[in-house]
Amino acid sequence: MIGFILADLRRFKGGALAVVVLIALSLALSVTVTLQERALRLGSARAAEKFDLVVGAAGSETQLALSAVFLQPAPLPLMSGSVLADLASDPRVAFAAPVGFGDSASGHPVVGTTTALIEALSPKLAQGALFAHLGDAVVGSDVGMPIGGQIKPMHGDGESGGPVHTELAYTVRGRMAPTGTAWDRAILVPIRAVWQLHGMHGGGDDHDEDDDDHHPDDEGAQAGDATAAGPVAGAAQDKAPGLADAGGDRDHEGHAHHHHGHVDGNAPIDEHFDAQTPGIPAVLVKPRTIADAYKLRQHYRGDTTLAIFPAEVLTRLYATLGDARSLLLAIAIATQGIVLAAVLMVTIMHVGARQRQIGALRAFGAPRYSVVAIVWGELILLFLLGAVLGVALGYAAARLISGSVAARTAVHMPIEFAPQDLRLLLGFLLASMLISLLPALLALRHSPAQALRA
Amino acid sequence: MLALDIHDLTMRFDGLDAPVLAIDRLHVKAGSRVAVTGASGSGKSTLVHLLTGLERPKAGSIRWGGSDLGRLSTGRRDAFRARNIGLVMQDFHLFPGLSALENVLLPVRLGWRMTPDMRKRALALLDITGIARAGQPVETLSRGEMQRVAVARALLLKPSVIIADEPTASLDRRAGEDVSALLVRLAGEEGATLIVVTHDPALLTRLDRHIHLDGGRIVEDVRGEAAR
């Protein structure tokens with residue numbers, strides 16, 4: 001029986017192959033949609049799980065979550081540094097780490113923070129040590145810079161070609177273990193170095209001196225500029241780079257002026273923050289208990305600050321994405337329906353053209369059920385091959401997409417099969433089994449005598 | 001070995017006034033070798049289909065031994081044919097992509113009646129019919145060889161009846177001679193009743209009863225020496 005089926009399929013190689021490819025492609029579409037949506041959800045849930053609570057200046061919750069979790073460059077408003085000081089001394093907080101965005105080096109975001117965050121992200125460093133001086137840096141696992149290497153931070157996200165900070169070059173001291181998050185691509189430096197590099201010493205000592213010099217262009221509203229802008233959110237967020245260019249050494253077209261302080265790279269870091277602390281876009285908070293997390297969120301939801309659970313914000317975001325997935329999946333399943341119909345049509349025509357052979361089989365003693373089994377078996381074999389190929393193709397495509405996302409953002413998007421995928425696949429196979437019965441039964445419609453006479 | 005008895009058989013097709021086949025009475029002794037001749041449209045093919053149970057008679061009876069084909073369901077006629085009738089057709093109906101041996105065994109395999117003995121018998125039959133390599137793909141054989149494979153297939157289950165429809169018509173003279181000799185010899189050795197539709201004079205001389213059909217009726221029935 002199997003031998004006959006295989007010999008038969010070999011005779012109709014081209015057609016059989018076309019049918020298999022058709023089935024495979026339609027199935028691959030659903031597989032990719034399903035896997036990729038799950039990867040996105042799992043990947044970002046894992047990326048977010050390190051950050052229980054994020055506190056930032058009042059603004060967009062989604063933007064705050066995306067910036068903190070995915071390091072997405074965006075103009076975040078600043079909040080008063082005193083928030084950090086309060087959080088740091090709050091008994092409900094295990095640790096509170098400021099994050100300051102704005103600079104980049106070789107396409108990697110340079111993030112100002114404290115050693116507490118590094119220890120949270122990577123309890124054991126893969127290489128080297130934490131930073132101890134203002135000029136030290138710890139890089140994420142995906143940053144291809146050697147220990148001891150020099151990093152010249154550049155203002156902006158690197159794509160818009162901001163000026164290079166010449167006052168300070170960081171030295172790579174350590175490398176974090178892989179975290180599967182966007183932080184793998186980040187260069188972490190002491191927050192105070194970032195402040196000083198941008199002339200922010202806290203207390204609002206030097207800004208708003210020469211508004212004439214200010215270019216209110218859109219470039220000025222970039223994340224970097226916003227970060228560097230000023231200590232108090234209210235003072236800075238609308239006209240972000242309202243800083244005097246004290247050195248007078250830079251006045252790039254289209255760029256706001258920066259106050260460039262002098263930074264002593266060998267000065268020890270100071271991770272105690274008080275009310276004089278300069279403004280920051282966000283503080284990552286690790287509450288001691290779940291109850292504390294909710295209390296803290298409640299406490300920092302106010303007129304000037306915003307507190308979010310990134311995981312919750314992302315879940316809400318993916319609820320919207322889930323609708324998109326349903327739509328895509330519906331399209332993919334409709335495609336499968338069309339393919340099934342096409343395969344059905346091809347097979348019915350094929351069976352019609354083979355009436356003679358089928359009649360002969362019966363004339364020479366093959367029972368009717370084996371004729372049905374042959375036609376059915378051939379189709380099922382094609383469907384199975386198509387299914388295997390389709391799942392493999394879909395998996396490969398999802399891996400490819402995840403790979404390119406990981407290369408771009410360092411967010412690890414795991415491609416995993418789940419038990420409900422099996423249900424989907426079994427449903428497809430069951431449908432194909434039922435549908436294949438039709439041409440199989442049609443094969444019996446003509447009497448073998450008619451078939452032989454033709 | 002089965003005897004054939006036909007009574008009051010008429011076969012009509014829709015839209016035709018005259019019956020395609022009308023045989024009041026025909027008896028064929030078990031083990032005899034009968035030729036059926038007649039012009040195109042004389043009802044030969046219909047007779048073959050009725051005798052093999054591929055079609056059910058609309059009126060009258062066709063009995064092989066004790067089995068009345070008209071009273072059997074399609075499935076049971078299929079089963080009867082598979083068990084009792086070896087069929088050889090003008091254009092072989094071998095299945096390309098399979099070897100000679102696989103072709104001989106195909107009906108048995110598809111009927112789930114395969115046994116090791118069956119394989120031995122198939123090889124022996126291929127040997128007898130002069131197929132040197134049983135594993136050779138059937139589409140690479142000559143036409144004469146193809147028909148000999150078909151003969152081996154027809155004989156595999158030791159059928160009581162062998163029915164051949166123009167078995168030599170698509171072969172050249174020599175291959176036709178070989179197949180004719182083989183068919184008649186093996187039917188004799190196996191003790192099967194042989195009914196052959198043919199116009200091949202060389203084959204006709206090997207058969208000892210000639211039935212001539214015209215317009216669906218038996219117009220001539222010659223036996224014994226006279227037939228040759």
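Predicted model: local features only at pLDDT ≥ 70, side-chain atom pairs only at ≥ 80, totals over all residues.
In chain B, six strands form an open sheet with mixed pairing, in the order β6-β7-β8-β3-β9-β10. The edges are β6 (85-88) and β10 (217-223) of chain B, each of which pairs on one side only. From one strand to the next, the twist averages 15°. Four bridges join β6(B) to β7(B) (residues 161-165) in the parallel sense; B:G86 has B:I162 of β7(B) as its bridge partner. Helix α6 of chain B (residues 173-190) packs on the sheet, where it touches β3 (33-38), β6, β7 and β8 (193-197) of chain B. The direction of α6(B) makes about 155° with that of β8(B).

In chain A, an unreviewed UniProt entry annotates residues 327-348, 369-402 and 422-444 as "transmembrane region". In the model, residues 369-402 of chain A are 100% helix and 0% strand, with 47 Å between the end C-alpha atoms. Residues 422-444 of chain A are 91% helix and 0% strand, and their end C-alpha atoms are 34 Å apart.

The model contains 11 cavities of 30 Å³ or more. The largest cavity has a volume of about 160 Å³ and a lining of 17 residues. Nearest its centre lie A:F364, B:A82, B:I85, B:R153 and B:A154. Two or more lining residues come from each of α2 (74-84), β6, α3 (100-110) and α5 (143-155) of chain B. Strand β6(B) is thus named both as an edge of the sheet and among the elements lining the largest cavity. By residue class, the lining comprises 12 nonpolar, two polar and three charged residues.

Terms used:
Residues numbered from 1 in each chain as written. Chains lettered and ligands numbered in written order. Heavy atoms only, no water. Pairing = 2+ DSSP bridges. Axes fitted to C-alpha atoms, helices over the stretch in contact; angles between N-to-C directions. Contact = heavy atoms within 4.5 Å. UniProt positions renumbered as here; feature names shortened; annotations may be inferred. 1 Å grid on protein atoms, 1.4 Å probe; cavity = no way out; pocket = protein on both sides within 12 Å on 5 of 7 lines; lining within 4 Å. Points joined across faces, edges and corners; volume = space filled by probe spheres on them. Nonpolar A, V, L, I, M, F, W, Y, C, P; charged D, E, K, R; others polar.
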